[in-house]
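Student: Could we go through this structure together? I'm new to this and would like to take it slowly.
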Amino acid sequence: PWPYTIFQRGFDLVLGEQPSDKIFRFTYTLGEGMWLPLSKSFVIPPAELAINPSAKCKTDMTVMEDAVEVREELMTSSSFDSLEVLLDSFGPVRDCSRDNGGCSKNFRCISDRKLDSTGCVVCGTPGDPPVSFVNGGCEQLCLQQMVPLPEEPLLYNILMFCGCIEDYKLGTDGRSCQLISESCPEAGDCGEPRELPMNQTLFGEVFYGYNNHSKEVAAGQVLKGTFRQNNFARGLEQQLPDGLVVATVPLENQCQEELSDPTPDPEFLTGMVNFSEVSGYPLLQHWKVQSVMYHVRLNQLTISQSFSNALHSLDGATSRGDFVALLDQFGNHYIQEAVYGFEESCSIWYPNRQVQRQLWLEYEDISKGNSPSDESEERERDPKVLTFPEYIASLSESGTKRMAAGVRMECQSRGRCPSSCPLCHVASGPDMPAEPILLEVTKAAPIYELVTNNQTQRLLQEATMSSLWCSGSGDVIEDWCRCDSSAFGADGLPTCAPLPHPIPCPPNMLTGWEPSSTLVVLEWGHSEPPIGVQIVDYLLRQEKVTDRMDHSKVETETVLSFVDDIISGAKSPCAMPAQVPDRLSSTISLIVRCLEPDTTYMFTLWGVDNTGRRSRSSDVTVKTPCPVVDDVKAQEIADKIYNLFNGYTSGKEQQTAYNTLLDLGSPSLHRVLYHYNQHYESFGEFTWRCEDELGPR
């Protein structure tokens, strides 16, 4: 207690402050103590600290109490004959007469003050005798495990059970521990010791395998978790597995916000979302707040019983397929370091860039402390913690139609938002698990490094390479795959190393090309694995679809080679690369021109390797918009046609009118008709005058 804790911490001579972490550990023994009169508390000084009990000094008032004045008291010494007498002098540790003394469920309130006791005791049941609550009645270890409720997976109970240290196993009574070398008691069922499942333990994912390609935690537990030591971390009540080192991230560095640049809505790649020649593509923007709370590292590596049994079943005669099956269950890597915390993300859709820009400028204006517009209701919220999703939500809730028309937002969260993070948008309800969730595996090592048998380690390493690059059906030879005899297609080409599938993605808005009624910009993700496949070309097929809902109805079709036709420009005046793909680039960008307005097109891309194999096709369907009509020009043409038709119309004037109207598209011609009839219909309706002056054709 105060005032001795200040001697346990370091001191910053520059800032004149003390960090919160302790660098010294004190020990306390029975003997003389001191009574602090103002706070009415008795303290025992640590054995390492020399104190003159007759010295006058300020009491603990400024630390422990809110008093108006500072009093000086003589700290007189007292002594107690035993630890029990000393503890009893403080009174009960908790008031257990109501609300279970403030203890959580699955904990029992004990009012008697005991050394190192908070008054909330785990393990045991209310019917057990009091002695059962000393270490929960367990002979060695009292453990806990979170078990989700079957009907409500987001809710959980805390299952308390006893455990034993290494070389011991749990007895038949579920509390006592017995040496494994000892014989079982008569009529007893000793069986195999139970291995603790770590999937319900805090930070338990680090004990499981990991697939470094899919970035997913495997189903099989690779490492063994034990609870032999009192391993705790600051801010966490749960006991941590042995060897698990947890570093808490400072609060000021925990909460980080990210907002992506607006990109075209990927739905336009399916042809189900149109874009306008005036306003461009519908846009999508992503917002994320992430609170990295803990850095976790596992220093103690002991393979689990299940992984050990799987390894012992393998030998030099085991097929590669059995090794690959083991990798499917336990992953190809084990986790060394990871970060845990909370994450929330929102996706915001806009009808066009103008709406997005208007909303963003309004939000920036409010964030700078200026008064919001009349249409925004976000006046009571502190501008410093007003997030962009909160502002968008406020527009929808307040019924602001003009600014939020066509704008929608979807949000989701993982874990419970910490109280120290003011940027959370989705309210974390009580059903959300309070434990931090795995955000990212920051360091992993190949799983074969855990194997001690040299032959098994070599075979497992070869199976890992085969699984990663050759689909488990071939061997890696330098930078290519030698496929098994069973891994060849009907065309005689190898299939064990499939070509990567081009991934369609929204075009980069910074290419300098804006879409129009006759031009679109297309992009695909381009990747070439370092082993197994060498992509030498891409094939692009362009189809004009007559039925937007039925893409099988094709009117025209063109197939172009990226190398022979598009890059060289020999056969593709209407298709040109916006970016030439190479080993350093990650995308294939194409500019396709010469398209017809208000028409649906389907573009299909294949990758081709040096053997002539094609990858799976990647389809993009785009509907071009109607062309923009220059209404001022339409008015001028209407006036021109009236002047040509007014009075006697010569053959030259008739030819001029004919050529002028024939050069117009349908949308422009419609606007000319509108303006002509608005101003000159009294001299004859537009269609009738054209037939009269120029003939029915």
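Tutor: Let us begin with one definition, since we will need it soon: a residue counts as buried when its relative accessible area is under 20%, as exposed when that area is over 50%, and as partly exposed in between. Please also keep in mind that this is a predicted model.

Student: You mentioned E13. Which strand pairs with E13?
Tutor: Strand E12 (residues 208-211) pairs with E13 in the antiparallel sense, over three bridges, and in that pairing Tyr 208 has Gln 221 of E13 as its bridge partner. The two strands form a hairpin with four residues between them, and Lys 215, in the turn, has a positive phi of about 60°.

Student: Which other strand does E12 pair with?
Tutor: E12 also pairs with strand E18 (residues 333-350), in the antiparallel sense and over two bridges. Here Gly 209 is the residue that stands opposite Tyr 334 in E18.

Student: How many residues lie between the strands in the hairpin of E21 and E22?
Tutor: That hairpin has two residues between its strands, and Glu 478 takes a positive phi near 55° there. Strand E21 (residues 474-477) and strand E22 (residues 480-483) pair in the antiparallel sense over four bridges, and the bridge partner of Val 476 in E22 is Cys 481.

Student: Is Glu 478 buried or exposed?
Tutor: Glu 478 has a relative accessible area of 71%, which is over the 50% cut-off, so it counts as exposed.

Student: Where is Asp 598, and what is its phi?
Tutor: Asp 598 sits in the loop between strand E28 (587-592) and E29. Its phi is positive, at about 55°, although Asp 598 is not a glycine. With a relative accessible area of 43%, Asp 598 is partly exposed.

Student: What order do the strands have in the open sheet that includes E29?
Tutor: That open sheet has four strands in the order E26-E25-E29-E30, and the pairing is antiparallel. Strand E26 (554-561) and strand E30 (618-623) stand at the edges and have a single partner strand each, so one side of each is left without a neighbour in the sheet. From one strand to the next, the twist averages 20°.

Student: How many bridges join E25 and E29?
Tutor: Strand E25 (residues 535-545) and strand E29 (residues 600-609) pair over 10 bridges, in the antiparallel sense. In one of these pairings, Asp 537 has Val 608 in E29 as its bridge partner.

Student: Switching to helices, at what angle do H10 and H11 cross?
Tutor: The axes of helix H10 (residues 631-645) and helix H11 (residues 651-662) cross at roughly 155° and come within 9 Å. Angles over 145 degrees count as roughly antiparallel, and H10 and H11 are therefore roughly antiparallel to each other. Their crossing is left-handed.

Student: Which residues meet there?
Tutor: From H10 these are Ile 637, Lys 640, Ile 641, Leu 644 and Phe 645, which meet Glu 653, Thr 656, Ala 657, Thr 660 and Leu 661 in H11. The residues of this contact divide into six nonpolar, two polar and two charged.

Student: Last one, which residues does Gln 354 touch?
Tutor: Leaving out residues up to four places away in sequence, Gln 354 touches Val 278 and Ser 279. Gln 354 is found in helix H5 (residues 353-367), and at 44% relative accessibility it counts as partly exposed.

Definitions and conventions. Residues are numbered from 1 along each chain as its sequence is written. This is a predicted model: local features need pLDDT of at least 70, side-chain atom pairs count only at pLDDT 80 or more; totals for chains, interfaces and linings use all residues. Side-chain values use heavy atoms; hydrogens and water are left out. Axes are lines fitted to C-alpha atoms, for helices over the stretch in contact, and angles run from 0 to 180 degrees between N-to-C directions. Angles under 35 degrees count as roughly parallel, over 145 as roughly antiparallel, 65 to 115 as roughly perpendicular and the rest as oblique. A crossing is left-handed if the near helix is turned anticlockwise from the far one by less than a right angle, and right-handed if clockwise. Contact means heavy atoms within 4.5 Å. Ala, Val, Leu, Ile, Met, Phe, Trp, Tyr, Cys and Pro count as nonpolar, Asp, Glu, Lys and Arg as charged, and the others, Gly among them, as polar. Two strands pair if DSSP finds at least two bridges between them. Buried means under 20% relative accessible area, exposed over 50%, partly exposed in between (1.4 Å probe, protein chains only).
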